[in-house]
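Have a go at each task before you read its solution.

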Amino acid sequence: MWLYLAVLVGLYYLLRWYRERQMVSHLGDKYVFITGCDSGFGNLLARQLDVRGLRVLAACLTEQGAQQLRKQTSDRLETVLLDVTKTESIAAATQWVKERVGDRGLWGLVNNAGTFHPLCITEWLKTETWIHTLKVNLIGVTEVTLSMLPLVKKAQGRIVNVSSILGRVAFFGAVYSSSKHGVEAFSDVLRCELQHFGVKVSIVEPGYFRTGMTDVQKSSEAMKQVWKEVPAHIKDTYGQKFFDAYHDVMKQGLSSCSTNLNLVTDCMEHALTSVHPRTRYSAGWDAQFFFIPLSYLPTSLADYILTRSWPKPVQAV
């Protein structure tokens, strides 16, 4: 029986491998719009797709980021400034894209722009932090998608939304995790609704990677600033020793982030260029071999594994 099962599993993966190797033709005629191209995954993906010959439309938050990207790429790549938290900026970028793609439509939309709030306990964060994070990571994704959707439908193209492994297993970073759970739900519903229009929706779930959002020094300073501003009555329930220990745990986690960003951008590229893209891509060894298996364990056991190294507050019962 086990032999038959092994054969079936092997045949399944062989068939999947064969299907996923089939690439879309005429890539040089296809336009891809990417948000968050100043640095990190978006910047690398823009350069990667430019090398493949696609016509990349890269959205950057700053002119400095746009200039640096143009210096590193061919004349095919074009840039536009975009703030995903502002409706008027999204509308202007959509019109800019429409003028370039014309009747061909937009083959690929990659919602990559994102932000990460300071790594700290949920109770320490201000409401303004919640609002800003959700506006960038979730509301921005939905608004950009809905604005560009007619162009994607015209091309029967692809939508690639960047989530996170924290969108599957949430155990810290409540605001960030909430926004990424929202991206997962939005993408799942959108995929079902758009299947009859020939549009395919993929979700990329990176594990821990070294980008500007996970810079150790910046994250450490942000944590200290948040702790400094925490109300005294909340501070008293945790204690300075708790903060110091928690701060060290978070720094150790950031220090272990992978520097191989291609593990993520290769997933994005496959979602845009494969005839049969996956609905979900878990990017990184930690995501594939730790967090995804962990998500299938009983919740109480998963909670213990994930938080066993955390310190205890001074007023813990």
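This is a predicted model: local features need pLDDT of at least 70, side-chain atom pairs count only at pLDDT 80 or more; totals for chains, interfaces and linings use all residues.

**Exercise 1. Work out the strand order of the open sheet, and which strands stand at its edges.**

Step 1: The open sheet has seven strands, in the order β3-β2-β1-β4-β5-β6-β7, with parallel pairing. Strands here are DSSP runs of E, at least two residues long, and helices are runs of H or I with at least four, numbered from the N terminus. Two strands pair if DSSP finds at least two bridges between them.

Residues are numbered from 1 along each chain as its sequence is written, and side-chain values use heavy atoms, leaving out hydrogens and water.

**Exercise 2. Find how many bridges join β6 to β7, and the partner of I203.**

Step 1: β6 (residues 200-206) runs parallel to β7, and four bridges join them.

Step 2: For I203, the bridge partner in β7 is R280.

**Exercise 3. Decide whether N112 is buried or exposed, and what it touches.**

Step 1: Find N112 in the loop between β4 (108-111) and α5 (127-155).

Step 2: Its relative accessible area is 11%, so N112 is buried (buried means under 20%, exposed over 50%, partly exposed in between, with a 1.4 Å probe and protein chains only).

Step 3: Leaving aside residues up to four places away in sequence, N112 touches I34, T35, G36, F41, G42, V162 and M268 (contact means heavy atoms within 4.5 Å).
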